[in-house]
Amino acid sequence: MLLKWSQNIRQSSKIFYEDIREIHKRRYLLQPIALEIFCGNGQNYLLSFPQKVRNKVFQKVSSMATQIADNAQQSVAGQKRTAHVEQNTGLLSSLIGETSVTQRWVRGEISNFQYLMHLNSLAGRSYNDLMQYPVFPWILANYDSTVLDLHEPANFRDLSKPMGAQTKERLDQFLKRYNDWDDPQGDTPPYHYGTHYSSAMIVCSYLIRLEPFTQHFLRLQGGHFDLADRMFHSIKEAWHSASRQNMADVKELIPEFFYLPEFLENSNSFDLGTKQNGEILNHVVLPPWAKNDPREFIRMHREALECDYVSRHLHLWIDLIFGYKQQGQAAINAVNVFHHLFYEGNVDIYNIEDPLQKNAAIGFINNFGQIPKQIFRKQHPAKRMTPTKQFSMLVDVSPLIPPQSPIGGTPAINYDKIFFYNLKYLKSSQLPIKELKGPVGSIIQHEKNMLSVEQNKILIPKSYNRYVTWGCADNSLRVGCYDSDKTYHVWENIDICGDIICCTCPSSKLLIIAGTSSVLSVYNMDAKMKKLTLKQTLFGHSDAVTALTSSSAYNIIISGSRDQTAIIWDLARLTYVRQLVGHMGVIAAVCINELTGDIATCSGTWLHIWSINGHQLAVVNTSMGSSDRMQQILCVTFSSIREWDTKNVIITGSTDGVVRLWSIEFISKAPQHSAEELSTGASKVKPEVKDNNVQSLETVHWERTLIFRTELTLHTAYDHKINTEPASITALAISKDHYTLYVGDARGRIYSWYVAESPFANQVRVSSGLALQKTNKCSSMEL
């Protein structure tokens with residue numbers, strides 16, 4: 001067990017050796033004196049040690065931590081420890097050596113965002129150190145248009161040049177500074193930039209609207225906010241300042257610009273001041289193409305990061321920040337030289353005897369930034385671009401389905417085979433691909449196999465060769481073998497939950513059950529599955545818990561109840577987070593998007609979509625067709641490929657035997673406040689900050705709406721005349737490559753849906769794609 005002491009609060013934290021998954025050597029104050037530890041529950045720590053102690057601690061922890069993983073897909077570095085990030089990307093090196101994260105990116109196995117995160121980690125950048133926070137590039141130069149064309153090169157920043165060289169006028173001034181530099185003392189060599197592209201102040205200024213960064217900013221600023229005209233207030237103004245207007249501003253971006261809309265909103269209502277022109281600072285002013293919506297800005301900004309233009313040129317920016325143009329003559333030629341104290345090796349604070357000089361050096365490093373560790377000594381390879389109708393497999397964050405990793409790289413996925421891109425041509429298997437003894441409870445894909453169990457059973461990760469079953473007459477829990485269906489062990493006296501209704505198993509060591517008592521019970525399971533120990537009970541519902549799921553990727557639990565509420569719980573701390581209200585009845589199904597963290601809750605015929613922070617994004621009544629048949633939603637799932645893609649679907653399965661597919665679209669409507677508009681149930685966007693750039697949008701009202709895409713009726717739908725044995729839909733799952741949709745029903749049958757070879761083989765009822773209106777009428781045809 002490792003202890004972490006905090007001298008200020010005089011508290012200690014326990015880090016159990018068996019919880020440690022990774023440990024990396026890090027710098028602190030440009031000195032090699034720190035370690036960063038990553039744990040299996042998602043928590044991580046940056047520990048600083050006295051000089052010459054760090055390596056001894058590293059060796060000790062490495063020898064004691066028996067669960068340290070060495071998996072390229074799960075590592076923060078994106079590669080195994082034995083892999084060298086800078087190596088040839090050809091077939092020969094792939095065969096004789098470990099695949100590097102650069103090879104994975106060049107082949108298209110990981111996204112641009114993932115690759116930049118891995119490079120930041122390899123270069124010593126960390127979320128735990130504001131002075132060495134991960135750095136991301138400005139990628140766009142157009143913050144004026146109402147429509148953003150990602151095929152137009154003029155809309156992008158020049159990634160081959162640093163921020164100080166984006167315009168000729170400012171470039172000439174920086175060149176003049178370098179050429180005219182004269183230090184009489186000879187202590188400071190010439191440089192282009194006296195400020196850095198990333199520092200604690202820059203990070204905190206970007207995140208000033210979010211705690212705890214607000215308090216960090218106030219401490220850096222002496223206890224008060226900066227002058228309003230100097231605060232981060234507008235994306236467009238920040239770009240102009242960093243690219244052309246301000247000689248002291250060459251800042252880049254941080255990762256949050258590509259995944260965290262909350263940092264753009266002043267949800268805490270901080271008084272950030274008033275600019276000289278009388279404008280009150282509140283939410284960040286967004287470009288017109290973002291439609292005044294932070295979530296839409298993040299989605300489009302992420303889409304821009306992954307687009308073809310950025311993919312073709314991103315390696316040029318990597319050369320500047322992490323590569324051969326970071327230092328030396330190449331940096332001079334690229335106009336990329338910073339003050340010498342920004343670089344590792346130019347100052348050794350332990351050898352400075354004068355306390356004033358030592359404090360001054362530490363203060364400079366703390367406040368002005370640090371150059372990342374150089375990880376490439378030669379030109380970075382360009383990304384291989386795939387054909388138009390193909391895109392490379394982008395590994396998502398799901399811990400349940402390990403990505404494939406063949407020697408030759410993951411093959412490109414064909415657009416023509418992804419089921420939700422080709423809804424008009426979906427075909428179902430004529431016979432069930434599998435039949436169970438009872439109603440299907442859950443379906444997962446593990447490696448190349450499709451696994452499934454009946455209701456009241458759940459498979460145990462990560463091998464999924466065992467399951468837990470409940471609903472027995474004696475209220476016991478039983479562990480069984482998936483292949484033989486033989487019972488291994490029986491856990492009795494599990495009565496704290498009353499009658500057990502639902503269960504989730506986020507890991508091989510943790511089991512969460514709930515039932516009629518309204519309490520969630522969290523149990524530890526031992527490795528041999530023979531002992532069950534109560535770890536925590538979670539109180540929050542006032543009636544029976546009817547639906548339960550969890551996500552190890554986002555460390556959350558979602559529970560739904562007969563009390564018509566859902567609750568988000570913290571999986572790591574086992575504490576209450578927030579409640580989701582507004583449901584019309586008992587919550588029958590819940591689901592977490594493992595890629596985005598979005599949450600789906602289903603009550604009766606209503607489908608609700610929430611952000612991970614509890615904001616309702618959209619809601620719709622899914623009831624269609626015959627009004628005399630029950631259409632209660634029993635199961636729901638998300639597609640999770642390319643999170644910026646608006647064609648992703650939410651899929652519901654109902655008691656009428658119909659599978660319905662929905663997409664969230666951001667649509668414009670004329671502003672009105674009638675009851676008919678409110679009945680759509682979609683969340684509204686009401687911008688509180690206005691800017692000259694968005695005046696043309698003030699007459700347009702934008703809202704997220706669940707758009708009906710299509711429904712699948714063959715085999716299971718009660719209203720489909722040719723179905724001889726219709727049944728309710730009880731389970732849904734999507735294959736890893738998104739080629740196949742698996743549908744399980746109350747008769748224990750599992751059917752697969754996939755894109756037909758011929759468009760005439762279609763077996764799907766196709767909707768016009770218009771938003772589902774109150775009348776529930778849609779133009780459709782049945783083939």
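I take two strands as paired if DSSP finds at least two bridges between them. The model I examined is predicted.

**Entry 1: sheet β24 to β27.** I looked up strand β25 (residues 599-603) and found that 5 bridges join it to β26 (residues 606-610), the two running antiparallel. For Ser603, I noted Trp606 in β26 as the bridge partner. I then traced the whole sheet, which is open and holds 4 strands in the order β24-β25-β26-β27, with antiparallel pairing. At its edges I recorded β24 (587-592) and β27 (616-621); each has a single partner strand, so one side of each lacks a neighbour in the sheet. From one strand to the next, the twist averages 15 degrees.

**Entry 2: sheet β12 to β15.** I followed an open sheet of 4 strands, ordered β12-β13-β14-β15 and paired antiparallel. Its edge strands are β12 (457-459) and β15 (487-491), each pairing on one side only. Between β13 (residues 466-469) and β14 (residues 477-481), which run antiparallel, I found 4 bridges. Thr469 has Arg478 of β14 as its bridge partner.

**Entry 3: nonpolar cores.** I looked up the largest nonpolar core and found 95 residues, with Trp138, Ile235, Phe257 and Phe322 having the most contacts inside it. Helix α10 (residues 308-321) gives the most to this core, contributing 7 residues. I then listed the contacts of Phe322, setting aside neighbours within four places in sequence; among them are Leu119, Val135, Trp317, Pro372 and Phe376.

Definitions and conventions:
Residues are numbered from 1 along each chain as its sequence is written. This is a predicted model: local features need pLDDT of at least 70, side-chain atom pairs count only at pLDDT 80 or more; totals for chains, interfaces and linings use all residues. Side-chain values use heavy atoms; hydrogens and water are left out. A nonpolar core is a set of buried Ala, Val, Leu, Ile, Met, Phe, Trp, Tyr and Cys residues joined through side-chain atoms within 4.5 Å. Buried means under 20% relative accessible area, exposed over 50%, partly exposed in between (1.4 Å probe, protein chains only). Contact means heavy atoms within 4.5 Å. Axes are lines fitted to C-alpha atoms, for helices over the stretch in contact, and angles run from 0 to 180 degrees between N-to-C directions.
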